[in-house]
Amino acid sequence: MNSPVAEQALKRIERRRASKGPGPLAMFFKGFLRHPVMVGSIIPSSKKLIRHMLSRTDWDNTKLFVEYGPGVGTFCQEILDRMAPDATYIAIDLNPDFIDYLARTIVDPRFVPVLGSAADVRRIIADHGHDKADYILSGLPFSTLPAGLGPKIAAETHAALRKDGAFLVYQFSPKVRDFLAMSFDRIDHAFEPINIPPAQLYWAWKD
């Protein structure tokens with residue numbers, strides 16, 4: 001029987017074999033050039049930011065984790081490594097290049113890449129057999145989204161979460177708190193300096 005370390009190494013080899021075409025940094029840069037309003041940054045998030053953002057997640061009680069704007073999967077493996085074997089991870093992105101890249105490079109039956117909008121989160125999770133999400137993560141740049149879309153995403157996210165679930169948001173502008181406050185009463189905040197650029201982190205809880 002393979003050891004856990006060997007199994008992880010095998011999965012990485014499988015992901016590399018499955019990947020054809022540009023690497024993740026090239027894909028991310030290409031996505032930023034095509035859709036700067038939706039991608040929001042030219043550089044993927046740092047490991048420090050990822051671990052800080054995920055630090056308040058109760059993984060033992062997570063059956064459905066959703067991410068908006070996964071891009072090239074900067075958070076994906078960190079999330080999958082923490083999730084239970086029977087949990088599901090739905091990643092929603094409007095960029096078909098990113099969705100195709102994730103589908104080719106992430107070999108895990110728990111992972112479901114979906115081409116679609118965060119504003120349709122309730123329909124998307126219902127289409128995949130779920131009622132509520134435990135946690136929803138987003139790096140979408142709320143301050144540059146089209147008018148009205150930020151509040152709609154916040155409201156739909158609140159409706160899609162279970163009680164005591166949380167909306168995890170990392171941004172470069174603190175203005176996102178205004179969008180979150182329209183739908184969430186309890187919002188925790190932190191600052192992560194080890195990232196380019198430094199980021200604001202928010203955990204908006206559904207009480």
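This is a predicted model: local features need pLDDT of at least 70, side-chain atom pairs count only at pLDDT 80 or more; totals for chains, interfaces and linings use all residues.
Local features were taken at pLDDT of at least 70 and side-chain atom pairs at pLDDT 80 or more, while totals for chains, interfaces and linings use all residues. Residues are numbered from 1 along each chain as its sequence is written, and side-chain values use heavy atoms, with hydrogens and water left out.

The chain contains 9 helices and 7 strands (DSSP runs numbered from the N terminus; helices are H or I with at least four residues, strands are E with at least two). Of its 207 residues, 48% are buried (under 20% relative accessible area with a 1.4 Å probe, protein chains only; exposed is over 50%, and partly exposed lies in between). Among contacts (heavy atoms within 4.5 Å) with a separation of 6 or more, 69% join residues 24 or more positions apart.

The 7 strands of an open sheet follow the order S3-S2-S1-S4-S5-S7-S6, with mixed pairing (two strands pair if DSSP finds at least two bridges between them). Strand S3 (111-115) and S6 each have a single partner strand and stand at the edges, so one side of each lacks a neighbour in the sheet. On average, neighbouring strands are turned by 15 degrees against each other, direction ignored. The pairing of S4 with S5 is parallel and spans 5 bridges; Tyr135 stands opposite Ala166 in S5.

Two helices lie across strands of the chain. Helix H6 (residues 96-105) lies across strand S2 (88-93) and S3, at about 160 degrees to S3. Helix H8 (residues 149-160) lies across S1, S4 and S5, at about 145 degrees to S5. Axes are lines fitted to C-alpha atoms, for helices over the stretch in contact, and angles run from 0 to 180 degrees between N-to-C directions.

In helix H4 (residues 47-54), the buried residues are Leu49, Ile50, Met53 and Leu54. Viewed down the axis of H4, these buried residues fall within an arc of 120 degrees, so they line one face of the helix (the arc is that of the directions from the helix axis to the C-beta atoms). Their cover includes helix H5 (76-82) and strands S1 (64-68), S4 (133-138), S5 (161-171), S6 (186-192) and S7 (199-205).

Glu67 belongs to strand S1. Glu67 is buried but has no salt bridge (a side-chain nitrogen of Lys or Arg within 4 Å of a carboxyl oxygen of Asp or Glu). The nearest side chain of opposite charge, Arg82, is 12 Å away; Lys and Arg count as positive and Asp and Glu as negative, with His and the chain ends not counted. Leaving aside residues up to four places away in sequence, Glu67 touches Phe75, Cys76, Ile79, Tyr89, Ile90, Ala91, Ile92, Leu137 and Tyr170.
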